[in-house]
Amino acid sequence: MTLAIVLAAEPAAGRLTERLAAQWRRAGAADVRVAADLTELADLVADATGPVLVSGPDLVAHTAVLKHLATSPVGPTVALVLTDPPAPGQATVREERGQVVEVGAADPSGVFGGALRVGAADLPALADAARRAAGGGPLGAVDRLVADLAARGTLIFAQRVRLLVAHRVGDEAQRAAAESAVAAVDEDRAELKLSVKERDDFFTTFFVSTWSPYVTKAAARIGIGPTGVTMVSVAFAVAAAVLFGAGGRPALVAGAVLLYLGFVLDCVDGQLARYTRHFSAWGGWLDTMADRFKEYVVYAGLGFGATHAGFRYGWALALAAMTLQTVRHMTDTWYGALHDEAARRPKVVSADAGGIGGKLNAASTRVQADTGSVSYWLKRTVVFPIGERWALIAIAAALFGPLVALVAVLVWGTLAFAYTGGLRTLRARWMRVPVLTTVDAGLHRDDGLLARTLPTARRPLLLAVLGALGAAGTLVWALLAVHGGGDLPVWVPVLALVLLLGAAQGSRAPHDGSLDWLVPAALRAAEYLFAIAVGVAGRAPAWLIFGYVLVLTLLHYDLTARLEKRQVAPPLHAATLGWPGRSLLLAIGLIAGYASYALATLGAYLLVVFVASVVLAWVVLPARARGGVRSPG
């Protein structure tokens, strides 16, 4: 149950307090209370069992602003941040990457908007902060509250106001002006515009978001939820993959059209969630997993189509595209975690500001701030985001065929990976933040039981790179051996396996190096390359190798989605054996002469474990917690 508290500690018109209380009810609060002071607020918070919404009496805003704060999916604790000049008694804030990193900042990026949502896990800190701040001070009561909460190290995300209106008022004239500004804005129309991401990529901004809000509005009217839109998008992508595999100009053009429409729906599901404020952990997880599944199924269709058209290595290109994109996403995720941690440590970030990393960071900040400029759009496009990938696939496949589409994806993807990887490496060395000490590295490395039983060795990045090089070398040797009509010598996969298990010895070592955020991506590359090498050396069908690696990507994206939300491990994670255990089983299968059986059996087993884990995580366990049985939605 969500509790809303209007803190009427300062003198204020009773009408404003009543208005805020009514707005909180319309925003979804199950219970609304008015607290006379911070001590009373602390007592109310002590009895709360769910999220608590707190606001002062001086806030004039659209109800949608309060609803957005109450339903924000960015984190459990969120503060309203305004761009208004601070008035006496109001707390200034500085935010980076959507996080409030300092309250009472000398170089503020905004002012606290007088309202915040506090997640259930942070309620004890809120109650303590209220009691400590009850003694008074130069700031207003609600401002003292958020300042003390931030000083305790509570992670607070920022909720900015865009298109709608929110102001803190100090007198009757300001109140009248704010209420006039609120009345002048069409709330529903603004909310529909807000459903579109503020900063998206070039193709999405100009070729999708110009008309997708109309689809969003229609979906909301007929009652289709975000999950339903996601599933239709998956169906479109699968149909496009089938058409790409069938070949022929009409099929390729039809596949390109379906792929484009599927991407539009991929944008609509998020827009619909934001427009209707129907967010859920299940929906976020499903969107992440569906995006990757759709893209990789399309790669499979292109690989089959290229092979069917006479190119011998169509499936190899599809495998390369899937492996490249997954490794890229691993670096994206871990660099994002690094950057978020750096934002919470401003003193570390400011060190060596004159170095190359500092200059790159300053240049990136300037470009990102200059929205609409050529440099801004070039920076967003060159990294090859999903909209550009799908557009390139659709255009290249329709005009030139599956082979050209796969080659184009690989070329642009490789260049983008080199560009982002190089710049991020320089910036990471400048940040000097040991990010992997703040997360469960053993879980998100996907090490498994075998890695935990091996001796611990230092330098996890060096070990991971050696393991990846060993796997890559095995793949090259396997390709040469098979191409020449021979067999892979037994000692080659054994040596590669030794290097892989050596990489596993870094599991329990501190990941405190400035480049250790690259370790999970290197391990993903090592496992995928070794599995492909086993399949090639064992002359397994190309589609089987692709299917096995696809199952591995599902396991790893599950972990990635949980890392981004700081969630616990999947229910059956231990049963996936970890990448060292899986690699060991494949090596045994290759040496015994049953590589295809090993890939098929292990792949089927992992798929069953993955599906069972999804059912447990999102259906069975939540149903038990609710005391009933109901599917997520």
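Guide: Helices here are DSSP runs of H or I with at least four residues, numbered from the N terminus. The model is predicted, so local features need pLDDT of at least 70 and side-chain atom pairs pLDDT 80 or more, while totals for chains, interfaces and linings use all residues. Residues are numbered from 1 along each chain as its sequence is written, and side-chain values use heavy atoms, without hydrogens or water.

Altogether the structure holds 26 salt bridges (a side-chain nitrogen of Lys or Arg within 4 Å of a carboxyl oxygen of Asp or Glu). Let's start with glutamate 172 and arginine 175, whose side chains meet at 1.9 Å, N to O. These two residues are three apart in helix 6 (residues 172-183), so about one helical turn separates them. Glutamate 172 is partly exposed at 48% relative accessibility, whereas arginine 175 is buried at 10% (buried is under 20% relative accessible area, exposed over 50%, partly exposed in between, with a 1.4 Å probe and protein chains only). Both residues also belong to a salt-bridge network that links Arg19, Glu172, Arg175 and Glu179.

Aspartate 188 meets lysine 217 at 2.7 Å, N to O. Because aspartate 188 sits in helix 7 (residues 187-194) and lysine 217 in helix 9 (residues 212-222), this pair ties together parts 29 residues apart in sequence. Aspartate 188 is partly exposed, at 34%.

Lysine 294 pairs with aspartate 266, their closest N and O atoms being 3.1 Å apart. Here helix 12 (residues 281-308) supplies the lysine and helix 11 (residues 249-276) the aspartate, so parts 28 residues apart in sequence are tied together. Lysine 294 is buried at 1% relative accessibility, and aspartate 266 is buried at 9%.
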